[in-house]
Amino acid sequence: MAKFDLNDDSVVVIIGSGAGGGTLGNELAQQGVKVVCLEAGKRLTLADINNDGGDMFMKLSWLDPRVGSGDLDPNLPAWICKTVGGTTVHWAGASLRFQPHEFKALTTYGRVVGANLDDWPISYEDLEHYYDLAEDKMGVTGTHGIERLPGNNNYKVLEAGAKKMGYKDYHTGNMAINSKMRDGRPACRQIGFCMSGCAIGAKWSTLYTEIPKAEETGNFELRPESMVIRINHDASGKATGVVYADANGVMHEQKARIVCVAGNSIESPRLLLNSASSMFPDGLANSSGQVGRNYMPHLTGAVYAIMPGEVNLHRGTQMAGIIRDESRYDDRRGFVAGYELETLPAFGMPGYPAYAKPGAWGREYARDIEAYRNVAGLWIVGEDLPQEINRVTLSDKVKDKNGMPVAHVHKQDHANDKAMREHAWKQSTALYESLGARKVYTRMPFSSTHNLGTCRQSSTASTGVCNGFGQTHDVSNLFISDGSQFTTSAAENPTLTIVALAIRQAEYIRGEMSRGNI
Amino acid sequence: MLLEELELRRRAFLKIAGGSAFMSLAAGTGLSAFSANAWSAHHLKAISEDQGHALLALARTLFPHDFLADSYYGNIVNAIDAKADGSADTLKLVTDGAARLERLARANFDGQGFAQLPEKSRVRILKTIEKSPFFSFMYGETLGGLYGNPEIWKIFGFEGSSFEKGGYLERGFDDINWLPKD
C-alpha cells in the first residue's frame, strides 16, 4: 500500500471517502494519479456491522456538535456519517438518475419567488455516459441487465396501493444492492437494517469496493481519523495543501498539487469558510458569496399506516420499493418539481413508537403501537427549492475539539416545499386507505440524510462556486467532489449522481493534469 | 468519551424524529432478569417505595398495555432508580416530580395517591405536567425502556437482529397474504 510524504506536492488530496471522495480517489488511482485521501472517521470492517440500530448509529454517525435552526433539529440537524466510506455505509441504496428537465430547473419551472433557482451548467446528455459507468460500477438493479430485487411485504403493500391509485411506474427500485453475486460481493439476503450498514456487503459502499480497489493500485493512501481544518494557498491563489488533525489531535500539513473537497454538504462549505485568508476574506472559492448557501436537504416526510393484516415491515431490503409517477413535472398540482414515494426504513420497534407520532402517549397510541406487525410505511423524497437563506455558516459560539468553529445549519421550508409535502401526504394516505388502513400517521422529516447544494455548480462565477466539472471558479486546482456541487436537488436520491459526477471529474482532472493546466 | 456524552448521543439517535422524545436505548439492556409477573419496590435504592409505585403508574399511563405485567414497567423504574442513585440531579428531578404527582392527586381526587387513581384521573394529571422536564424525562425513559426491551420486541412482533439467521430471504420477507388479488 502506498505511503506518501507530507511534503510530496505532486499528490491529489481528497477530503472525504464517501460516494464522492471514495469514487474519485479510486478513479484517479486507476489512472495512475497519486492520491492521499483524508477521512475524519475511523475505518470499520464488515465484522463491525451488526443489526443493532443504536449501536451502529454510534459507530457511524457524525456526532461532533452542530447547530441547527429553522425547521431543523437544533442538536442533530443532519444524520450523516463520520467513518471510512462516509454515508455510503449508511445509505439505503436507492440509485436513480435525475430526469433531463431537472438539470434545467430555472428554464423548466421559471422564476419562483424566494427561490434561488438556476440551471445546471451541464445537461443530462453530458452526464448520461457517466450514469452508465456509475450504474455498472455499483451494480444497480434494473439497469445493464441486472435483475431487480424481489419485493418484500412493505413493497407489496405499496404496489397494491399504487394499482388502486392508478399509478403506472412502480417497482422494487434501482438499487445498488446485489440481486445476484457480483463484483465479489454476495446477493442480498433480505436482512433489513440497510441503514445500519450491510453486514454482508451486498450493498455498494466505497468502504469495501472503491477504497480497497484504489489501495491495490499502489497509488492511493487512505488516512483515517484525519480531520481537515483548513486549505492553504499561495500568493497566486492556488491551493498548496491542507492542514489536518490526526487521531491524537496533532496537526499536520499535507502538500498537494490539487485539492478535492468531499466532506458532504455541511462539512465541505464549513471547510471552505474556515479557510478564509487575506486574499479570500469570505472563505476560499467564495467570491460569489454562495459558499454555504442554497442548502437543500430534499423535501422529505414519512407515512406510517396501520393495515388490516400483518406486514412485518422490518423484514427485507428497506428501500427496495418506489412509485415514480409523482416525480414528473406538472405544476397543475400546485407546486413545481416532483417527488418519489419509497418504502420506508422504519427503524424497528424502538423506532416506530418514537417516530410515528413523536411525543404521543395514552391508550389510543398504545393500541396503535400494539399493531406494530400491521404497520406499512413510505418515505417521501422530493425536490426542494434552493433558497439563499438556507445555509451553512460557521458558528460564532461553538467550536469542536480541534478549535474549529462548528457548522450552523439553517433550513426553512419554501411554500413550494410545504405544498409538495401536503400533496404527498394526501396521496400516500389515500393509497393506504384504498387497502383498508385503519389509521395513517403522516410525519415531518427525520434529521436529513440527503444534504446538497452548498457549493453549487454554475455557468458564471457570480452565481455559484464551481463549474460543470466541480472545479471552483476562483481556485483552478480546487474541486468540489460531493453533493455540495448540486445546482438543484432534483427529486431523486443523490448518491448515483454524486458517483457519476465523480467519475466524470476524475477524467477531467486527469486530462487537465496531462495538459499541464493544473 | 464521558458516559454522560455517550448517553446524550444515544438519545440523539432516537431524537432524529425531531420530536420531544428523549429516549434511552441503554435502558433496554439488562432487563431480561425480570420477566412477566409482579414487581416489587423493596429493593429500590435512591427513591422510596411510594415514589417507585407512582413512577410505575406514570409509565403505565403513558403506554398502557393491559396484557403486560407490572414487571415490564417496574424494570423502567429500576433503571430510573439506578440513574438517580448515581446522579443528584436525576434524583432531584425524579423525587420532585413524584412529589408533584402526589400533590396533584391528593388535592384533586379526595386525598388518594397517584398510583391508586383510575387511569382517567392519572391522564388528567399528566396532561397538566406535559411540558415539564420531569415529564420529558419520564417519557423518554418509558419509551426507551419499554420498546427498547428485546422481551417486549418478541411480544409486539419486532424480530430484532436477523443477519445471523441469514436474513429473511427464506423467513417470510414476502409472506403477506391478505392483499387484494386483482
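Which residue stands opposite A:Val259 in β17(A)?

Author: Happy to. This is a predicted model, so local features need pLDDT of at least 70 and side-chain atom pairs count only at pLDDT 80 or more, while totals for chains, interfaces and linings use all residues. Residues are numbered from 1 along each chain as its sequence is written, and chains are lettered from A and ligands numbered from 1 in the order in which they are written.

The residue opposite A:Val259 is A:Leu478 in β17(A). Strand β9 (residues 258-261) of chain A pairs with β17(A) in the parallel sense, over three bridges. Helices (H or I, at least four residues) and strands (E, at least two) are DSSP runs, numbered from the N terminus, and two strands pair if DSSP finds at least two bridges between them.

Now the sheet around that pair. Five strands of chain A form an open sheet with parallel pairing, in the order β5-β2-β1-β9-β17. Its edge strands are β5 and β17 (478-480), each pairing on one side only. Neighbouring strands here are turned by 20° against each other on average, direction ignored; axes are lines fitted to C-alpha atoms, for helices over the stretch in contact, and angles run from 0 to 180 degrees between N-to-C directions.

Further along this sheet, strand β1 (residues 12-15) of chain A runs parallel to β2(A), joined to it by four bridges. The chain crosses from β1(A) through helix α1 (residues 19-30) of chain A to β2(A), a right-handed β-α-β crossover: with the strands pointing away from the viewer, the path from the first strand over the helix to the second runs clockwise. A:Val13 has A:Val36 as its bridge partner in β2(A). From strand β2 (residues 35-38) of chain A, A:Val35 and A:Cys37 point one way and A:Val36 and A:Leu38 the other, and all are buried. A residue is buried if 20 or more other C-beta atoms lie within 10 Å of its own, exposed if 12 or fewer, and partly exposed in between, with C-beta atoms placed from the backbone. Four bridges also join β2(A) to strand β5 (residues 220-223) of chain A, again in parallel, and there A:Leu38 stands opposite A:Arg223.

Chain A has another open sheet, of six strands with antiparallel pairing, in the order β4-β11-β12-β13-β10-β16. Its edge strands, β4 (170-171) and β16 (439-443), each pair on one side only. Within this sheet, strand β10 (residues 299-306) and strand β13 (residues 375-382) of chain A are antiparallel over eight bridges, with A:Val303 opposite A:Leu378. Helix α10 (residues 415-433) of chain A lies across β10, β12 (339-343), β13 and β16 of chain A, at about 20° to β10(A).

Finally, the partner chain: 45 residues of chain B are in contact with 51 residues of chain A, where contact puts C-beta atoms, placed from the backbone, within 7 Å. On the chain B side, α1 (3-14), α6 (133-147) and α7 (150-156) each supply at least two residues, and α1(B) gives the largest share, five residues.

Inside chain B, twelve of the 17 residues of α3(B) are buried, so this helix is largely enclosed by the rest of the structure. The cover over its buried residues includes α2 (49-62), α4 (88-108), α6 and α7 of chain B.

Notes:
Contact = placed C-beta atoms within 7 Å.
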